Amino acid sequence: MKTSWRSASLVASAAAVLALTTACGQEGGTSSVGSQNVGATAAAGGYGGVGSGIGTGTSASPTANSTAIGQGNLGAQSASAGKLQVSANAELGKVLTDATGLTLYRFDEDTAEPPKSNCNGDCATAWPPVPADDASAGAGIDKALLGEVTRADGSKQLTIAGWPAYRYAKDTKAGDLTGQGVGGKWYALAPTGKKASVASLPGLSTRNDPSLGEIVVDKNGMTVYRFAKDKAWPEPVSNCTGACLEKWPVVAPVSKNDTKGVQQKGLMSFTRSDGVKQQTVNCSPIYTFAADKKPGDTNGQGVGGTWYAVRPDGKMVGVSDK
């Protein structure tokens with residue numbers, strides 16, 4: 001320390017606080033697994049239009065939402081992916097979409113190691129392969145997971161963690177998930193390349209909320225909150241006890257290697273006054289809200305002027321310098 005202390009007692013006190021601060025502020029992180037990056041190879045030829053006689057035989061018509069989808073559904077389904085995005089879905093958690101918000105899917109009959117597409121002909125009309133050209137990783141997506149595979153017709157298809165990516169002809173606007181579970185073989189892609197599912201979320205991760213920005217969620221995709229009356233320093237203290245805990249259940253301890261996107265400094269658990277262990281973000285105790293019924297709910301934001309969603313750095317959303 002740069003400051004000069006004048007007494008041994010002060011030195012002892014400072015050392016105690018420093019020890020606690022160090023334990024509460026350890027740095028950590030995770031490494032990315034490398035894979036083939038998407039190149040600038042243009043897709044050869046076309047992938048067929050969106051027509052009738054596929055699936056249930058329903059013809060897809062161009063959408064009126066030209067802002068979100070572009071020049072109708074046909075153009076959107078055959079267009080390059082652009083900058084990929086992460087969308088929050090109440091039932092599936094984080095879902096991967098293209099730049100226009102159309103859901104991306106994977107096919108159980110494909111393989112990721114090595115990457116191979118087994119959807120051709122009429123299948124590829126109902127499930128247009130996503131071209132690899134011009135695809136890039138947006139916020140919350142590891143660019144190392146983006147790759148490409150050469151299809152039977154010689155064209156290049158985008159892959160996510162090795163899995164070939166598709167759109168669904170019957171998705172006509174941003175956010176549609178009509179392809180989820182079709183035939184028991186088609187599933188929305190998570191940003192990791194896995195099938196989108198809240199069950200596959202880490203113990204703590206983040207999602208982009210349209211109103212609050214990037215916030216922390218638990219393993220079930222539920223919004224995580226802080227209580228303004230709690231303390232983080234010199235040690236975590238929860239002032240939500242008794243009946244308060246019925247509305248604001250504590251988040252149980254989570255290991256650092258079971259988190260994604262959350263600041264590692266101050267990511268720790270502590271034992272509450274009632275003997276229960278509770279997780280913290282940047283040393284601040286965290287909770288969920290009983291009135292949030294599904295992933296994506298943020299009903300606890302601002303409650304009583306003391307409860308707020310949590311940013312990845314542990315600060316409270318909507319509260320300055322906390």
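Q: What secondary structure does the protein have?
A: The predicted model contains five helices and 17 strands.

Q: And how much of it is buried?
A: Of its 322 residues, 44% count as buried. The accessible surface amounts to about 15,400 Å², and carbon and sulfur atoms supply 52% of that area.

Q: What share of the contacts comes from residues 24 or more positions apart?
A: Such residues make up 67% of the contacts with a separation of 6 or more.

Q: Changing topic, how many aromatic pairs are there?
A: The whole structure holds 12 aromatic pairs. One of them joins Trp 248 and Trp 307, which are stacked with 3.8 Å centre to centre and 0 degrees between the planes.

Q: Where do those two sit in the chain?
A: Trp 248 belongs to the loop between α5 (244-247) and β14 (269-271), while Trp 307 is in strand β17 (residues 307-309). The two are 59 residues apart, and the pair links distant parts of the chain.

Q: Which geometry do Tyr 287 and Trp 307 adopt?
A: Their pair is edge-to-face, at 5.0 Å centre to centre with 85 degrees between the planes. Tyr 287 lies in the loop between β16 (284-285) and β17, and Trp 307 in strand β17, so this pair ties together parts 20 residues apart in sequence.

Q: Is Tyr 287 buried or exposed?
A: Tyr 287 is buried, because its relative accessible area is 0%, under the 20% cut-off. Trp 307, at 4%, also counts as buried.

Q: Which residues form an aromatic cluster?
A: Tyr 105, Phe 107, Trp 127, Tyr 166, Tyr 168 and Trp 186 form one cluster.

Q: And what lies over the face of Trp 163?
A: Arg 106 does, at 3.7 Å from the ring centre.

Note on methods
Residues numbered from 1 in each chain as written. Predicted model: local features only at pLDDT ≥ 70, side-chain atom pairs only at ≥ 80, totals over all residues. Heavy atoms only, no water. Helix = DSSP H or I, 4+ residues; strand = E, 2+ residues; numbered from the N terminus. Buried < 20%, exposed > 50% of the residue type's maximum accessible area, 1.4 Å probe, protein only. Contact = heavy atoms within 4.5 Å. Areas by Shrake-Rupley, 256 points an atom, 1.4 Å probe, with all protein chains shown as cover. Phe/Tyr/Trp six-rings, centres within 6.5 Å; stacked < 30°, edge-to-face > 60°. Lys NZ or Arg CZ within 6 Å of the ring centre and 35° of its normal.
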